Amino acid sequence: MKKFIKFFGLILFISIIFLFFVSEGQTEDSRLRLDQLIEEALQNNPEILAFKKKWEAYKEKPSQASALEDPMLGLGIISLPTNFSFKDEDMTMKEISISQKFPFPGKRPLMKEMAEKEAEAVSSEIEERSNRIVKEVKTTYYDLAQVHQAIDITQRNKEILESFVKIAETQYSLGMGIQQDVLKAHVEVSKMVDELIMLGQRKKALEVKLNSILNRPLGTNLGRPDELTLRKLPFASEELSQMAIESNPTLKGMKKMVEAKEKAHALAKREYYPDFNVRFAYGQRDNGAEMKRRDMLTGMVEINIPIFYKSKQGRKVAETKAEIQVIEAQYRAMKNEIFFMIVDIGSMIQRVERQLELYRTGIIPQASLQINSAMSGYRVGKADFMTLLDSRMTLYRYELEYHQALTEYHKNVASLEAVVGRRFDK
């Protein structure tokens, strides 16, 4: 019997340990991991997939641009008399020909290089779109984390206010309080219930938005995001500006378009030179009544003569030169805009950093001390219930504002990453 009890106890102990680890694993798995969401979005987001298909289409263009034109096959009759006899005239023949156009040397490589640069510019669009999707995933994730934190704070504050209700009711029943305190406490509890309802709706909307970015079914259940913590940005504005020049996909794409237009400009200059058309023909002649006729061969090289170069080729050169200048000006304007955004977002990040430090080291601890003081005063009759209640609600608002500021900090960092074109957490 003792052995059975020991065996049963061992099995029970192992079962408890197993259930503990399983529950721990389930809690861990229910966490919403930002890095996993980002990878899923990059793989499944419809906008990114559309840009990838566009890039695949552009990758097919370089070989097309450098390919020769299709050869021309010709069938014809030469010098046929009006009596439709193929034997009366010596020059009457049935002819088959083939011709091929060859661009002037150097044109085809330029066409291919221009198409390659355009394809590279489209690949930068994929990177730019990916950065935007990563930013959307992060901002939605941070908002969702803030909502979860707000729900916890509001639920905790509701429970504290419910204890205040009991205190007020007790004081009122003993004749040491007033009915107004009880009613005010009930109103504040009702406000917390209403706030929890709104936060629940906000949470549901954010989950739907995140599922749509990930291309999941909109009703897919999501876990809880990790709690946000403050990680200061380790880069100065000058470093971020230099990183943007190297990494920002819009700037990289515009550089590629400048290179493509430079190839187009070089190709326009080549249009001053003629192209060649090579033609070969075989003519078959019927034998006459008194003589045997030999078949005929014909070979010919044709070139176009660009005599209207002032109104055609020259204008094309001017056009492509102007296009280069337009994109270069757009590139400079975009670079200046990006530099401004880096400084602007960076200043907001620094401001929020100071704000968070003030909340963490000053405002919230002082508000907590104020509550303790109000509670002590209320217990000995030196402070009224409204002072205690206002102190509690003030701390509640400060806690929400702190987490809202922390969320804004992370969202600003995500915006800065999108502008720079690089993820700082990689």
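Biologist: Does Phe 424 count as buried or exposed?
Modeller: The relative accessibility of Phe 424 is 18%. With a 1.4 Å probe and protein chains only, buried means under 20% relative accessible area, exposed over 50%, and partly exposed in between. Phe 424 therefore counts as buried.

Biologist: Which atoms do the side-chain values use?
Modeller: This is a predicted model, where local features need pLDDT of at least 70, side-chain atom pairs count only at pLDDT 80 or more, and totals for chains, interfaces and linings use all residues. Residues are numbered from 1 along each chain as its sequence is written; hydrogens and water are left out, and the side-chain values use heavy atoms.

Biologist: How many aromatic pairs does the structure hold?
Modeller: Rings of Phe, Tyr and Trp (its six-membered ring) pair if their centres lie within 6.5 Å. Planes under 30 degrees apart count as stacked, over 60 as edge-to-face, and the rest as tilted. By that rule, the number of aromatic pairs is six.

Biologist: What kind of aromatic pair do Tyr 141 and Tyr 142 form?
Modeller: Both Tyr 141 and Tyr 142 are buried. Their ring centres are 6.0 Å apart. With 75° between the planes, the pair is edge-to-face.

Biologist: Phe 235 and Phe 424 form another aromatic pair; how many residues apart in sequence are the parts tied together?
Modeller: This pair is tilted, at 5.4 Å centre to centre and 50° between the planes. Phe 235 sits in the loop between strand 4 (224–225) and helix 7, and Phe 424 in the segment after helix 10, so the parts tied together are apart in sequence by 189 residues.

Biologist: Is Phe 235 buried or partly exposed?
Modeller: The relative accessibility of Phe 235 is 23%. Phe 235 therefore counts as partly exposed.

Biologist: How many salt bridges are there?
Modeller: The rule asks for a side-chain nitrogen of Lys or Arg within 4 Å of a carboxyl oxygen of Asp or Glu. Applied here, the count of salt bridges is 32.

Biologist: Which residue forms a salt bridge with Lys 411?
Modeller: The closest N and O atoms of this salt bridge are 3.1 Å apart. Lys 411 lies in helix 10 (residues 385–420) and the partner in helix 5 (residues 107–173), so the pair ties together parts that are 268 residues apart in sequence.

Biologist: What separates Glu 162 and Lys 158 in helix 5?
Modeller: Their side chains meet in a salt bridge, 2.7 Å from N to O. Glu 162 is partly exposed at 30% relative accessibility, whereas Lys 158 is buried at 15%. The two are four residues apart in the helix, so the separation is about one helical turn.

Biologist: Which residues do salt bridges that share partners join into one network?
Modeller: Glu 399 and Arg 392 meet in a salt bridge at 3.9 Å, N to O. Both are buried. The one network joined through shared partners holds Lys 117, Glu 120, Lys 256 and Glu 259.

Biologist: How are helix 7 and helix 10 oriented to each other?
Modeller: Helices (H or I, at least four residues) and strands (E, at least two) are DSSP runs numbered from the N terminus. Axes are lines fitted to C-alpha atoms, for helices over the stretch in contact, with angles from 0 to 180 degrees between N-to-C directions. The two axes come within 8 Å and cross at roughly 50°. Under 35 degrees is roughly parallel, over 145 roughly antiparallel, 65 to 115 roughly perpendicular and the rest oblique, and helix 7 and helix 10 are therefore oblique.

Biologist: Which residues in helix 10 meet helix 7?
Modeller: Contact means heavy atoms within 4.5 Å. Helix 7 brings Leu 240, Met 243, Ala 244 and Ser 247. In helix 10 they meet Leu 416, Val 419 and Val 420.

Biologist: Is Ser 247 buried or exposed?
Modeller: Ser 247 is found in helix 7. Leaving out residues up to four places away in sequence, Ser 247 touches Glu 127, Lys 252, Val 420, Gly 421 and Arg 422. At 17% relative accessibility, Ser 247 therefore counts as buried.

Biologist: What is the phi of Phe 84?
Modeller: Phe 84 is in the loop between strand 2 and strand 3. Phe 84 is exposed, with a relative accessible area of 63%. Its phi is positive in a residue other than glycine, near 60°.
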